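This report describes a few side-chain and helix contacts in one protein model. Please look over the sequence and the structure before reading on.

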Amino acid sequence: MKHMDDGVPWRDFWLLLAVFLASSFAGYAAGVHSPEGALQAVRRIMERMGPLSDSSFHNFVKIFVNNSMVALLMFLSGLFFGLGPWFITAFNGLVVGIVVFVVHDLRGLPMNRVLLALIPHGIVEIPAFAIAGVAGITWYVELAKGEGEAAERFKKGFVKGFKLYLLSVALLLVAALIEAYITPKVAGL
């Protein structure tokens, strides 16, 4: 794993983005292959998340809390041999691809509106998740390959990773603001 001087595996940031993109296409393809399965998956997601509110502020809070929890999970899952963030990223990409398929192909929303519903906040949110993943990987790499006793490596990795996690949360705050207040207007939703 190539590191810059700060000991952070930034190459993994780009690879996580690539995994997200590839798994999004795979999710869309899965929807094409099994439209009924895709529709059922989206229904389960909607039931779990619950309806959006008429209040942009309530939607902002809901989106931010949900995304911050996903980022925390990505950070903590890095301790599973650095693999957790990869699985979470792939899963999230699959979900996005399936949702895009259902909204576009089954619900008939034109692709330009689907993209307008994703891009404004997605250009901040997706890299934020990748940074959270890098945070977890950084923690694991320091623990596994750093210098000193295990407790010292654990703490040093946590501190490095937690700084990245906080950056991720700050970006997710911006993304949630965009998603709650700007995206609905831009996409005409």
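## Salt bridges

Lys 156 and Glu 142 form a salt bridge through their side chains, at 3.9 Å from N to O. A salt bridge here is a side-chain nitrogen of Lys or Arg within 4 Å of a carboxyl oxygen of Asp or Glu. The pair links distant parts of the chain, 14 residues apart: Lys 156 lies in helix H6 (residues 150–187) and Glu 142 in helix H5 (residues 111–145). Helices (H or I, at least four residues) are DSSP runs, numbered from the N terminus.

The model is predicted: local features need pLDDT of at least 70, and side-chain atom pairs count only at pLDDT 80 or more, while totals for chains, interfaces and linings use all residues. Residues are numbered from 1 along each chain as its sequence is written, and side-chain values use heavy atoms, with hydrogens and water left out.

A salt bridge also joins the side chains of Lys 160 and Glu 142, at 3.1 Å from N to O. This pair, too, links distant parts of the chain, with Lys 160 in helix H6 and Glu 142 in helix H5, 18 residues apart. The count comes to 2 salt bridges, and Glu 142, Lys 156 and Lys 160 are linked in a network.

## Exposure of the network

Is Glu 142 buried or exposed? Glu 142 is buried, because its relative accessible area is 9%; buried means under 20%, exposed over 50%, and partly exposed in between (1.4 Å probe, protein chains only). Lys 156 counts as partly exposed at 44% relative accessibility, and Lys 160 counts as partly exposed at 22%.

## Thr 138 and its contacts

Thr 138 is found in helix H5. With a relative accessibility of 1%, Thr 138 counts as buried. Leaving aside residues up to four places away in sequence, Thr 138 touches Gly 7, Val 8, Pro 9, Lys 160, Gly 161 and Leu 164. Contact means heavy atoms within 4.5 Å.

## Packing of H3 and H6

Helix H3 (residues 56–77) packs with H6 at an angle of about 155°, and their axes are 9 Å apart. H3 is therefore roughly antiparallel to H6, a label for angles over 145 degrees. Axes are lines fitted to C-alpha atoms over the stretch in contact, and angles run from 0 to 180 degrees between N-to-C directions.

The residues of the contact of H3 with H6 comprise 17 nonpolar, 6 polar and 1 charged. Ala, Val, Leu, Ile, Met, Phe, Trp, Tyr, Cys and Pro count as nonpolar, Asp, Glu, Lys and Arg as charged, and the others, Gly among them, as polar.

Methods. Helices (H or I, at least four residues) and strands (E, at least two) are DSSP runs, numbered from the N terminus. Angles under 35 degrees count as roughly parallel, over 145 as roughly antiparallel, 65 to 115 as roughly perpendicular and the rest as oblique.
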